[in-house]
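Let's take a friendly walk through a protein structure, one topic at a time. Keep the picture at hand and look up each residue as it comes along.

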Number of protein chains: 2
Amino acid sequence: MVNIHGKIAEQLNRSGIFLTKTEIECLEITDFGLNDFYNAGLIIHTYINTERCCAKELILLANQVCPEHVHPSSAALEGKEETFRCRFGRVSVFIEGNKTTQPCVELPADITNYTVFHEVVLNKGEQLTLKPNSKHWFKAHGEGAIVSEFSTTSNDDTDVFTNQKINRASRLSL
Amino acid sequence: MVNIHGKIAEQLNRSGIFLTKTEIECLEITDFGLNDFYNAGLIIHTYINTERCCAKELILLANQVCPEHVHPSSAALEGKEETFRCRFGRVSVFIEGNKTTQPCVELPADITNYTVFHEVVLNKGEQLTLKPNSKHWFKAHGEGAIVSEFSTTSNDDTDVFTNQKINRASRLSL
C-alpha cells in the first residue's frame, strides 16, 4: 500500500490549504465500497456541518473519480445545494446537458454506472454551483485536485448513487 | 493613500488563498462609513451567496477591526449562522461571555460602541462557529488576517451594529 497520507499531505502543501495535523489524521477516506480506491475514491475534510450549512475540502488523487450521484429533495427536506471551488490541480465535473464528445479526461471503465456526460472543467480559481436533484460526478486530472465545497447541510445517507453497489459509508482501512 | 490592493495581494499570496485577478479587482472594501479604514474596515470576497448558504474570504489588514454587530433572527427569517476559519495571521474574535481581562489585542478607541469582551484567539487552522443573535466583533493581530467564513445566507442589510453611525453599505473609494 502506497503511503496515502503522504500523498495527501504533499498535495495539501502544494495547494496552500492548511489543515492541522489532527485534521489530516482524521480525514474521511472512502473507496465507496468498490475496493478500487485509486480509480474511485474521495478524501474529505469537513470544516463544519450543521443543520443549515456545510463546508468541506474534497481531495482527489491523480485521475480519481467521485462516482455519479444526486442529492435529492424529499417532502421533508430540500436536497443539498453545493458549490465546488477548485483550489489546486484541475477537475472535470460532469453534469446533465449536452454530452461532451471529446472530454478532457478518460471516462470510467464501468461506464454503465454513468448517465450524465456534459463536462465542465474547473481550473484553480474556478467554481460551479449545483442545485439539488442534479446528477453529477467528477474526476481529477493528472495532478490530482483539491476542491472546496460550500453547501447546505450534508447528509450522506440520502445521496443516491447510480451504481447500486456503492456504499457511501465505506472507509478505506489503511 | 497607500496601495491597498498591493497590501491585499501580498497578504493573499502569503496565505496561499488564490483569488483570480478579476476577483481581486472586485473585492468589497468597506470602511463601514466611519472614514477610518485602517482602524475599522473589512475587505471581502464572496464566493457564493444564495438563499440557503454563503462562503466568503474576510481580509483584515494589520490591527484592523470589524466592529461589533449581530445577525438577528426575525419572524420571517432565521439569522445568519457563521463559522470563521483562520487561514492566515491571527484574529481575536470577541463574543458574549466572561470579559477577558487581558486581551491579546488593544481594544478599540471608541469603546462605548462595544459591549462584548470575551476573547477567542484564532490562529491559522483554528475556527469558531457563531449562532444567530450572537453579538461579536473581531480584530486582526499585527500581521493582518485572512478568515474564511462559511455561513447561511448573508444579508448585510439586516446586520445590526452597536455603533449607530455605521453604514454597512459604505464602500471605500480608492
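## A buried threonine

The side chain of A:Thr83 makes a polar contact with the side chain of A:Thr129, at 2.8 Å. A polar contact here is a pair of N or O atoms within 3.5 Å; within protein, one must be able to donate a hydrogen and the other to accept it, and residues adjacent in sequence count only if both atoms are side-chain atoms. You will find A:Thr83 in strand S5 (residues 82–95) of chain A. Strands (E, at least two residues) and helices (H or I, at least four) are DSSP runs, numbered from the N terminus.

Is A:Thr83 buried or exposed? A:Thr83 is buried, with a relative accessible area of 0%. Buried means under 20% relative accessible area, exposed over 50%, and partly exposed in between (1.4 Å probe, protein chains only). Leaving aside neighbours within four places in sequence, A:Thr83 is in contact (heavy atoms within 4.5 Å) with residues including A:Gln127, A:Ser148, A:Phe150 and, from the other chain, B:Ile48.

## How to read the model

This is a predicted model, in which local features need pLDDT of at least 70 and side-chain atom pairs count only at pLDDT 80 or more, while totals for chains, interfaces and linings use all residues. Residues are numbered from 1 along each chain as its sequence is written, chains are lettered from A and ligands numbered from 1 in the order in which they are written, and side-chain values use heavy atoms, with hydrogens and water left out.

## A histidine inside chain B

Now find B:His136, which belongs to strand S8 of chain B. With a relative accessible area of 1%, B:His136 is buried. A polar atom of the B:His136 side chain lies 2.8 Å from the backbone oxygen of B:Ser134.

## Salt bridges within each chain

Side chains of opposite charge can pair when their charged atoms come close. A salt bridge is a side-chain nitrogen of Lys or Arg within 4 Å of a carboxyl oxygen of Asp or Glu. A:Asp156 is partly exposed at 23% relative accessibility, whereas A:Arg168 is buried at 12%. Both belong to a network of salt bridges that also links A:Glu28, A:Lys56 and A:Arg171.

In chain B, B:Arg171 forms a salt bridge with B:Glu28, the closest N and O atoms being 3.1 Å apart. B:Arg171 lies in the segment after strand S9 and B:Glu28 in strand S1 (residues 28–30), so this pair ties together parts that are 143 residues apart in sequence. B:Lys56 forms a salt bridge with B:Asp156, at 3.9 Å between the closest N and O atoms. B:Lys56 is buried, with a relative accessible area of 5%, while B:Asp156 is partly exposed at 24%.

## Where the two chains meet

Chain B and chain A bury about 2300 Å² between them, 52% of it on carbon and sulfur atoms. Buried area is the accessible area (1.4 Å probe) that two parts lose on being put together, summed over both. In chain B, the residues that lose the most area to chain A are B:Tyr47, B:Arg52 and B:Phe150, together 27% of what that side buries. Each chain is represented in the contact: 31 residues come from chain B and 31 residues from chain A. Six salt bridges are found across this interface. The side chains of B:Glu57 and A:Arg87 meet in a salt bridge of 3.7 Å, N to O.

Chain B can be laid on chain A with an RMSD of 0.0 Å by a turn of 180 degrees and a shift of 0.0 Å along the axis. Copies are superposed by least squares on the C-alpha atoms of residues with pLDDT of at least 70 in both. That is the relation of a two-fold axis.
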